[in-house]
Amino acid sequence: MEKNTALAASTMTPKPQPTGLRLFLKRLVQQRMLVLMSVPFVVWLFIFKYVPVWGWTIAFQDYQPALPFKDQKWVGFHHFDALFSEDRFLIALRNTLAMSGINLVLGFVTAITLALLLNEVRKVAFKRVVQTVSYLPHFISWVVAAGIIQTTLAPDGIINELLKWFGAIDKGQEYLFLGKAEWFWGIFGASSVWKDVGWNTIVYLAAITSIDPAQYEAAEMDGAGRLRRMWYITLPGIRPVIIVLLIMNIGYLLESGFEPQYLLGNGMNVDYSENIDIFVLKYGLQQFNFPLATAAGMFKTVVSFVLLFSANHLAKRMGQDRLF
Amino acid sequence: MAKKLLVAGMAAVMAMSAVACSNGNNNGSNASPSDAGASPSASESAPASESAPASEAPKDKVTFTFFNGVAGEKDLNTNETTIGKLLEDQTGVNFKIEHLVGDLNTKVGTMIASNTYPDVMIPDAAIEEVLKAGAFIPLDDLIEQYGPNIKRVYGPYFERMRADYGGKIYFLPFGPQVGDYMPDPNINQGAFWVQRRVLKEAGYPQIKTLDEYVKLVEDFVAKHPDEDLTGMVSLTHDWRFFATSNPPMHLAGFPNDGNVMVDVNTLDAKTYAGSDETKRWLKTLNDLNAKGLFDKSSFVDNYDQYIAKLTSHKVVGFFDYGWQIGNAQNVLKDAARKDQTQDDFVYFPLPVTFDGTKDQYLDPPGWTSNRGAGITKSAKDPARIIQYWDNLLKEENQVLKSWGIKGETYEVDDKGRFYRTAEQIAKLDDAFNEKFGFKTYDWDWPQYGTSSTLSDGNALAPGYQPEVFQMSLTEGDKTILEKYGVKTYAEMFDTPEDRPWFPAWSIPKEQGSPQQIWETKKDDLTKKYFPKLVLAKPAEFEGIWAEYQKEFGKLDTAGYETWYKEQIQKVVEVAK
Amino acid sequence: MANSASAPKPRRLSRRDSSLGDKIFDICNYVLLTCLMIVTLYPFLNTLAVSLNAASDSIKGGIHLLPRDFSLENYKYVFRENTIFTATTISVLRTVIGTIVTVFASAMVAYTISRPEYVLRKFITIAFIITMYINGGLIPNYLLIRDLGLINNFWVYILPGIIGVFNLIIIRSFIEQLPESVIESARIDGAGDFRTFFNIVFPLCLPVLATVALFTAVYQWNSWFDVFLYNSSNVELSTLQYELQKILQNSNTTSSAESAFANSANGSAIKVSPLSIRATMTIVAAVPMIIIYPFLQKYFVKGMTVGGVKG
């Protein structure tokens, strides 16, 4: 296809081949329609997303919101030092990485599996009901959801009752699930999946529609079973979306969310539940310390870029689709 | 435009002359509080002469914006309420109130950065930042010029207010004490609570020490083995963790000063988070836990779960502040009102200390010095706002805002005592309070402190008036109070000593200061170690305590205590 | 068209011929999905039950699937103010306008960066992706919005979020999956880029656009932080979610016994509690979003478009 368009372009430009900037400008004029369709939004992007980045300077200041920029006191890397010299920050960093790692893997696997399974459901009505129902928890705020999770996991909650019913534990031995620090990541992962698997599936379902039905017919003719068809047709069909989303999410590894950890966290599991966002809230925003919050944000951005470009590069090397 | 300016100018001139008048009047009747009280229909005596010139001045109606950094009541215009309308008629001023919805520091941060403020604001916990940004205008001159009642009510605190914030008055805290101290008959503050049936079964014993209390709970559970009872629970959820970490201070016989216990004589401020008092308290809980009498899930339950447990009839006792258990206690009381036998499950407050010494659970007259309302530099006409506040502080308006309108929301008997009829009490539900303005004017304005007394001897707060309190009692309430030979719950407790600095936690601390960092870190530590200590096997307790001490030792506690002592000395010095 | 009509035929055939393995697969699949439904339906039913239960009773806990003490008081409390209706209008407006603008703009830009010959393609793609991971912070953003004159302005709900990078990228991926022949044939007919986009690509992208529309609508419907930051002092511009947040906080103080002025001295029965109001506002806010989902579902439940066009 590349060749085709190149050919088309060259047929349109019979004159001597311009090079460099001239070529660029010439093509720009040729593609003015595309330019017109996109550049206004690039301008928008710069205004709304890039202009506020001057705020990063706050991280290097003893920032007083009341003072104009020129009167701020510069303190160099002081706030970064403060951040990294704090033991709790390192624990928070570990917890953040662990939880978003769990979320990434679990989130992808479950959402893709659900999409594949839904695609195999033949009764349209059933499929729609499952889709709608699994989408419901997304609309329950974390505050309410955390309340339900806490009740469910309480010593007199349903999980302990079930365990007793199955004879796995005796009365009096009920687990204090949220009091077991090392279980927190698991509880967090399960809760996140429960809440968002239906929601996360939507994008894959949309991607599946782009698969040519003829492929399934052909596979069926060849006598391929359901599992084989899922593996050889559906999954490859949505691979570009999976990879693109995967790369984007790898860039988000330092964003593990805030609410579930904050709401389900307590003194007993704090060593596993406190993540960067909670740390920044406690020592940044709650202390009116905007520079610390900004420094943490910058740190996250740097890590994101490293991860993002590595993942993208890796995908390129592996010959896969890539983000850019 | 020119015309508008002219009108405004004229209004200002007239307003000034009106105030000059009222100033003159007031000078003549400086002792107005006692004068005013002579007759309950206060509007005929001294205050009337104050308000008369004000109402003669045809003041332009004006609306000011008012941001309240405390999340809470409905956003409204004050003149939509009955009280607010009456006040508007007197002053021509209306306030458009906006309450905080999200995060306070975020909101205040954007205001400061963009240098745009509402006319009046209550920055709540962000007050230091607002002051640092120079957002509040000094009020000294305005008060001098327009605030005779402000001077009367706040006068005794002026020096302290100036000392706290660099020599000027930038905002008016809420609730200076006026007149005699009227204690809250109910226990809204800390206490050790126990189910009433426990006391009934034990023959209403005097419970003074922690050991007695624990034994009471233990014996009761032992006697009722098949009821699946929990001896004690403790509230730990999120910021409410202090319900678990504060008891050592109270058990040692101190009021709620926050993180320090202050010696009345030496003014030494001692933290207790890592002290022997805390160790003793946690060891008690640890023992209870070892005996299966403590609810382990206390450390993971959220607030809703905690409240649900208190209403389940299964929990025998706990420590908490009355205002945190209001919902649970109300549910239990409602049930008791319908069915007398249910009274057994209502909780009763006990003044428990480590060794049965004098308790200090009741709040002494307090002065929350780091909260209040100020006028910002964006305000168009600060004089009008000050005048409104001053007008509100007239005793007749204090009666209006807390008791309402005579014949409608309260009555006066032939001895001049205020009371409410059963119908009036029934009428005062949430919707009514909102419409009438009781909720709007409940707090958040320059006003008398809650435990104040009017000049005629009536309580400012209807809930504190013995006549009103008595009407709220059920048969069960009366029985148990009678058994203990008291008329109010407060009488179960010792009277509070005079502590001019109370509450010490309200002594201004800069955000991000070493003191604040100490507190944040201390919270982190206690939240992490207290559950370990309580739930440990008794043999392991000492080891974990030592570990906790090691971590706690890394904090600059001595510095924190010194800072506090200095501040308290300053306050006491000024108060002299 | 011919293709899509013939598509069901082999399926019917396969069902008749389905092997044992297929049957086992089906059974497992149905069992698994039913379990999933039970687990995901529970929180919603639980919340519904709490919202329909008297607040004074909900406090005691232990409500699961059905209300114990049925009451509509919570809903009455939420709907007692007229502001909630004007706020709903604003919410609907921002959702509709925001969604239309976002879908159209994202699709258009996505189309341009899917064109391999476009010289600015890489630059624009990266410029957009980078913004996913940078954030100037609260205060700079606020000052920008102020300088643009968007404080107390309805358009602050729309303009800052015109294009979400996530949306942009999934649309681009979808377009790249389309057979190049479709676009080629449009070109041969002499269509310019805009016409190709609007007449050919846009309709083909309906499944992914429905997805983006859903994401955007839900985002717009649920957001209240921008109201809090920028428009909080103007009630006319308040949204449903923001009003619900206010009501929740109101219920907090209503239920608290802290008020020393305890104007009703009889400790009257609790009518509202944060617990109940949270449940009620969850339902009130979620129902519209739950209703729109099935309408959008039809765009991506069945594999339509591509094969149809191709044939």
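How many residues from chain A and from chain C does the contact take?

**Figure 1. The contact of chain A with chain C in the predicted model.** Chain A contributes 81 residues to the contact, and chain C contributes 83 residues. On the side of chain A that touches chain C, H3(A) supplies the largest share, with 11 residues. Sorted by class, this side of chain A holds 54 nonpolar, 17 polar and 10 charged residues.

**Figure 2. Crossing of helix H3 of chain A with helix H6 of chain C.** Helix H3 (residues 32-50) of chain A and helix H6 (residues 83-114) of chain C have axes that come within 9 Å and cross at roughly 125°. Angles from 65 to 115 degrees count as roughly perpendicular and those over 145 as roughly antiparallel; H3(A) and H6(C) are therefore oblique to each other. Their crossing is left-handed. From H3(A), the residues Leu34(A), Met37(A), Ser38(A) and Phe41(A) take part, and they meet Ala105(C), Met108(C), Val109(C) and Thr112(C) of H6(C). This set of contact residues comprises 6 nonpolar and 2 polar residues, with no charged ones.

**Figure 3. Crossing of helices H5 and H11 within chain A.** The axes of helix H5 (residues 87-119) and helix H11 (residues 226-250), both of chain A, come within 11 Å of each other and cross at roughly 150°. The crossing of H5(A) with H11(A) is right-handed.

**Figure 4. The contact of chain A with chain B.** Here 22 residues come from chain A and 25 residues from chain B. Helix H7 (142-153) and helix H14 (276-283) of chain A are the elements that give two or more residues to the side of chain A that touches chain B. H7(A) gives the most, with 3 residues. By class, this side of chain A has 12 nonpolar residues, 9 polar residues and 1 charged residue.

**Figure 5. Spans of chain C annotated as "transmembrane region".** An unreviewed UniProt entry lists residues 24-45, 84-111, 123-142, 154-175, 196-221 and 275-296 of chain C under this term. In the model, residues 84-111 of chain C are 100% helix and 0% strand, and the end C-alpha atoms of this span lie 39 Å apart. Residues 196-221 of chain C are 96% helix and 0% strand, with their end C-alpha atoms 32 Å apart.

Technical notes:
Residues are numbered from 1 along each chain as its sequence is written. Chains are lettered from A and ligands numbered from 1 in the order in which they are written. This is a predicted model: local features need pLDDT of at least 70, side-chain atom pairs count only at pLDDT 80 or more; totals for chains, interfaces and linings use all residues. Axes are lines fitted to C-alpha atoms, for helices over the stretch in contact, and angles run from 0 to 180 degrees between N-to-C directions. Helices (H or I, at least four residues) and strands (E, at least two) are DSSP runs, numbered from the N terminus. Angles under 35 degrees count as roughly parallel, over 145 as roughly antiparallel, 65 to 115 as roughly perpendicular and the rest as oblique. A crossing is left-handed if the near helix is turned anticlockwise from the far one by less than a right angle, and right-handed if clockwise. Two residues are in contact if their C-beta atoms, placed from the backbone, lie within 7 Å. Ala, Val, Leu, Ile, Met, Phe, Trp, Tyr, Cys and Pro count as nonpolar, Asp, Glu, Lys and Arg as charged, and the others, Gly among them, as polar. UniProt positions are given in the numbering used here, feature names are shortened, and annotations may be inferred rather than shown by experiment.
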